Amino acid sequence: MTKYIEYFQVEAKCLLKDFKKNLPEAKSRCEAYFSGKNDLSLMNTQHVIAKEYGFDSWNDLIKQEPHKLAESLIIAKNKTLNSPFKLWHGGRIVTGYEEKKYQLHKPDAYHLEYDAQKKTFIHRNLKNDVLEFVSFEHLDVSEYDLSGLNPLNVRYSEDTKWPEAPTKLPLGFNPKEFLESRKNPGLGIKTLHKLGIKGQGRNIAIISSFRLFNHIEYHNSLKGYEEIGFDATNLGGGSNVGAVSAVTGKTCGIAPLANVYYYAVDIQQTSEKPRGSQVNYALAIKKVCELHKKLISEGKNGIDVIHIQGAISLDLFSADDGYEDALNARKEAEDLGIWCNFGGVLDFKENTKLRIGHIYCKLDGNVDNTDDYISIRNPSSKFKLVDYYENTLCFPTGAKTVALGVKMDEYAFEHLSGPYSTLLASAFYLLAKSVKETIIPYEFFELGLKTGDFREGIGTIINPVALIESLK
């Protein structure tokens, strides 16, 4: 049976049940297709459901490819949002799928070079520098001997076609099994989920310079989407599908029951100003503040955290257009009790040495075992983590499976460059807030250091189970 059919079956059964109770909404929905009929069968309500989701009949629905069913589910959900999500495809916005986008390509289409001696692929930038990471998304690499490949340096999708012979793959590496195993966010998060701790009732606002592509992994958690500054001539960049799924995805997310409000802003980058402007960032932050107050007025929880991947508040960026506006907007948010996690740069006056560390699980490691995590460091980083081990709380980044923004139900293994550690700090914070609403960011980090697992030369790896237990 095709994936997602069970969802539509449940919908049809619920509709039939409501119809037999003579509920007005159910009667009206069925009347549209079975006028004057007072006794309907499950087959009849299945037909109604199929028509409501855009299919000709129930038989038509059950014959569809899974991604088509995922698309129909999400389109229906979009009708409840203020601004429907757009679909992002290769540099332009379209209103539907293009099947050619799902055809497998050869490596040369992605400018990948095969190194026969090292039995791996390399990718060069415009300066002809060899890049550490490569992408095999929707590629056919089955003809090559890839036994020298480091799988952690490769981003690949579920449909990537690998060599069939195990001898042509890295020792012990099974791409399908590995991708599936890395959907687990690790560090004991699934244990918390089984206990019912999933970030329910908490809210995060994500502000990004990229538009967002919707996905079945998180579409139930997305409660709002707005674009600021984009117009028909500016199509933006890529998407943050993987990042959003790592926070609140139902399969691979830290806090699958938390709510996400996403703001895509055009930062107006030019060759003269490659960093762009902060004007729209400031506007988005102010909109989050208004949303926060609105939620509170409705008796709901407000926004717990605003996440911006860039460190826009640093003095280093004070020459940016709109910098002062962004600072003022940030102050307004913080005065409302919202944690502004911008670029993962912590500025707690109680301890100015606190840092977010970046770790990943090694290739043959157990994602729930902190002993199998390794540190990632950027040698050019402004902050020398070697001086701050005792004040560094580490979160995982990259080397995990996340949603992929091509098909609405597809996943990809994200190589080590995945920029998730600072965002996942926000996600772990949402879990803590769902247990102790009064916890503040500094207290969260202090508890993380006290309850986490310290590793010499790395820092303290967050222990979500121990941290949550300390809050009960």
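**Salt bridges**

Tutor: Asp304 is buried, with a relative accessible area of 5% (buried is under 20%, exposed over 50%, partly exposed in between; 1.4 Å probe, protein chains only). The model is predicted, with local features needing pLDDT of at least 70 and side-chain atom pairs pLDDT 80 or more, while totals for chains, interfaces and linings use all residues. Residues are numbered from 1 along each chain, and side-chain values use heavy atoms, without hydrogens and water.

Asp304 meets Arg202 in a salt bridge at 2.7 Å, N to O (a Lys or Arg side-chain nitrogen within 4 Å of an Asp or Glu carboxyl oxygen). Arg202 lies in the loop between α7 and β8 and Asp304 in the loop between α9 and β11, so the pair ties together parts 102 residues apart in sequence (helices, H or I, of at least four residues and strands, E, of at least two are DSSP runs numbered from the N terminus). Arg202 is likewise buried, at 5%.

The structure holds 21 salt bridges. In one of them, the side chains of Arg29 and Glu52 come to 2.7 Å, N to O. Arg29 belongs to helix α2 and Glu52 to helix α3, so this contact ties together parts 23 residues apart. Arg29 is partly exposed at 25%, and Glu52 is partly exposed at 29%.

Arg330 and Asp347 also form a salt bridge, their closest N and O atoms being 3.5 Å apart. Arg330 is buried at 8%, whereas Asp347 is exposed at 51%. Finally, Lys106, Asp140 and Glu143 are linked in a network of salt bridges.
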